[in-house]
Amino acid sequence: MNGQAIKAIYLFEMARMRRTLLQSVVSPVISTSLYFIVFGAAVGQRIQEIDGVPYGAFITPGLIMLTLLTQCVSNGAFGIYFPKFTGTIYELLSAPVSMAEVLIGYVGAAATKGMIIGLIILATASFFVDIRIAHPLMMALFFALTAITFSLLGFVIGIWAKDFEQLNLIPMLVVPPLVFLGGSFYSISMLPPFWQAVSHANPVLYLISGFRWSFYEISEVDPMISLAIIVVFLAILSALVTWIFRTGYRLRE
Amino acid sequence: MPPIVSVSGLVKTYGNGFQALKGIDLAIEEGEILALLGPNGAGKTTLISIICGIVNPSGGKVLVGGFDVVKDFRQTRAIIGLVPQELTTDQFETVWNTVSFSRGLHGKAANPAHIERVLKDLSLYDKKDNKLRELSGGMKRRVLIAKALAHEPRVLFLDEPTAGVDVNLRKDMWKVVQRLRESGVTIILTTHYIEEAEEIADRIGVVSGGQLLLLEEKAALMKKLGRKTLAIELAQPIPAVPEQLSGFNLRLEEEGRRLIYDYHASGARTGITTLLAALAEAGLTLKDISTRQSSLEDIFVELVEAGR
């Protein structure tokens, strides 16, 4: 195991986050505040509470998930795509590192960055509403597993993408609808039966539901099913990444 | 001593069916400077990329320091440094960070003293806190060399290091190369510039069409293939080569003012003494004599043409 290399990649990626501090940290804080103003103040007037939880508090886990997913996918994708784009990938490919170590470095940094921003949003939210976390350990587990899984998804996208358009396709076009339709801002029990059924095909629903359960003990589906879904998703991505590394797909072709 | 790099039967066919390497065999001795010459698209970069691990081989075997580049990539890549042909740099990073990153990536613990020495050797130290995008092309090239040296490699690959580089940098670079060689580092460089190979290499390989056409000691190569010409300037022009000199196969140039004699420098008898005596006997007065050795360039062009 080349621990030095993992450390080098991880710190190099984290340094990039420090350089873009304003964009990385300030912008999620502002957008979260906007969500609270728009949804919390405007919609919250009409929906007082859902399943006994005040509306502002209800949407907080969903908001954290929204940012966590987008950030992790983007960071994971950008981290490995950028060296491909500039050509500095030659160095990763000619260094005595296994692709698993490259992955730990990039995905670790992307997940760390996503989690830092998620915690900042949690802190911001606590200015607006009362947050309580019923199961802190489960919350941490959902939080970390989701961050790692989606950073890994980003990593796969970054390897697959041949240009910036492909790079942004999933983070911009696929993730936000899934999160918005996954019950971030409402309970799916409020939907007509048909759309409830459709919503159950959305994997993000399970993540948000499980994560919200760790806060308020209310959920759309059994939290254990939520956990199982994340683990299955993580396993599928790990298998995909193993295949990519074995074949050298789009890296050593 | 076994060769530091040993390539046998190396074949590479790209996904689009293009066969870049058609069976290369090559043994590189530890501590030597080997220059690989060849036209664009000859397969030089593919060869280097496979040895360094960037491209997977389609067939054949490469050993570096006795280890297989595919199976034992950790051992081989740890001792290899690569300076790529293209100026690929992380524009937003500082010189110091990007060079330190390379060291870490190769599994070595941080060593600021070594990084400082490398940067000073390449006259980069005063730029250490500059972002790479603020540097000129030549400076970026130096950074790429510094990155390749950050982990103290035993084998250094320079892929067209002097493409688009000014005279000063080229001189600096050869100084660094000489110093590395003195410390025992094996250096493999590819180039289009034949003078470069002639100037610094111990051995020269010529690659064309995915094959190694030739691999020789530079001196031996020059001697073996090097023809020399003797040019004799005459005081008075002559209308034709005199009858008694017909055995020497002379040519007349410059309206009868110059005689040209071709010979092989490696031959035991060059025939120069008898020629000069014969010239005196023929009553010709000589104004000047000069000799010229055919350059590597001539040899190279001949080989590549013959290979087509």
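**The second largest cavity and its surroundings**

Tutor: The lining of the second largest cavity comprises five nonpolar, two polar and three charged residues. Here Ala, Val, Leu, Ile, Met, Phe, Trp, Tyr, Cys and Pro count as nonpolar, Asp, Glu, Lys and Arg as charged, and the others, Gly among them, as polar. The model is predicted: local features need pLDDT of at least 70, side-chain atom pairs count only at pLDDT 80 or more, and totals for chains, interfaces and linings use all residues. Residues are numbered from 1 along each chain as its sequence is written, chains are lettered from A and ligands numbered from 1 in the order in which they are written, and side-chain values use heavy atoms, with hydrogens and water left out.

The volume of this cavity is about 90 Å³. A cavity is a set of points, on a 1 Å grid over the protein atoms alone, where a 1.4 Å probe fits but cannot get out; lining residues have an atom within 4 Å of a point. Points are joined across faces, edges and corners, and a volume is the space filled by probe spheres set on them. Its lining consists of Glu13(A), Met14(A), Arg16(A), Met17(A), Asn75(A), Gly76(A), Tyr106(A), Ala109(A), Ala110(A) and Lys113(A). Two or more of the lining residues come from each of H1, H3 and helix H5 (99-128) of chain A. Helices (H or I, at least four residues) and strands (E, at least two) are DSSP runs numbered from the N terminus.

There are three cavities of 30 Å³ or more. H1(A) has the largest share, four residues. Six of the lining residues are nonpolar, three polar and seven charged.

Now the open spaces. A pocket is an open set with protein on both sides within 12 Å along at least five of seven lines. The largest pocket holds about 770 Å³ of space. Its lining counts 28 residues, with Gln23(A), Gln71(A), Ser74(A), Asn75(A) and Lys113(A) nearest its centre. H1, helix H2 (21-46), H3 and helix H7 (164-180) of chain A each supply at least two residues of the pocket lining. H3(A) gives the largest share, 10 residues. The lining has 12 nonpolar, 11 polar and five charged residues.

The second largest pocket holds about 650 Å³. It is lined by 23 residues; nearest its centre lie Ile89(A), Tyr90(A), Leu93(A), Ile54(B) and Val55(B). H4 of chain A and helix H1 (44-52) of chain B each supply at least two lining residues. The most, four residues, come from H1(B). Ten are nonpolar, six polar and seven charged.

That brings us to the interface. In chain A, 24 residues are in contact (heavy atoms within 4.5 Å) with 29 residues of chain B. The area buried between chain A and chain B is about 2500 Å², with 59% given by carbon and sulfur atoms. Buried area is the accessible area (1.4 Å probe) lost by two parts on being put together, summed over both. Eight residue pairs, both at pLDDT 80 or more, are in polar contact between chain A and chain B. A polar contact is a pair of N or O atoms within 3.5 Å; within protein, one must be able to donate a hydrogen and the other to accept it, and residues adjacent in sequence count only if both atoms are side-chain atoms.

On the side of chain A that touches chain B, helix H1 (3-19), helix H3 (55-86) and helix H4 (89-93) each supply at least two residues. H1(A) gives the largest share, six residues. That side divides into 12 nonpolar, seven polar and five charged residues.

Three salt bridges run between chain A and chain B, and the count over all chains is 19. A salt bridge is a side-chain nitrogen of Lys or Arg within 4 Å of a carboxyl oxygen of Asp or Glu. One of them pairs Glu91(A) with Lys147(B), the closest N and O atoms being 3.0 Å apart. Glu91(A) sits in helix H4 of chain A and Lys147(B) in helix H5 (residues 137-149) of chain B, so this pair joins two chains.
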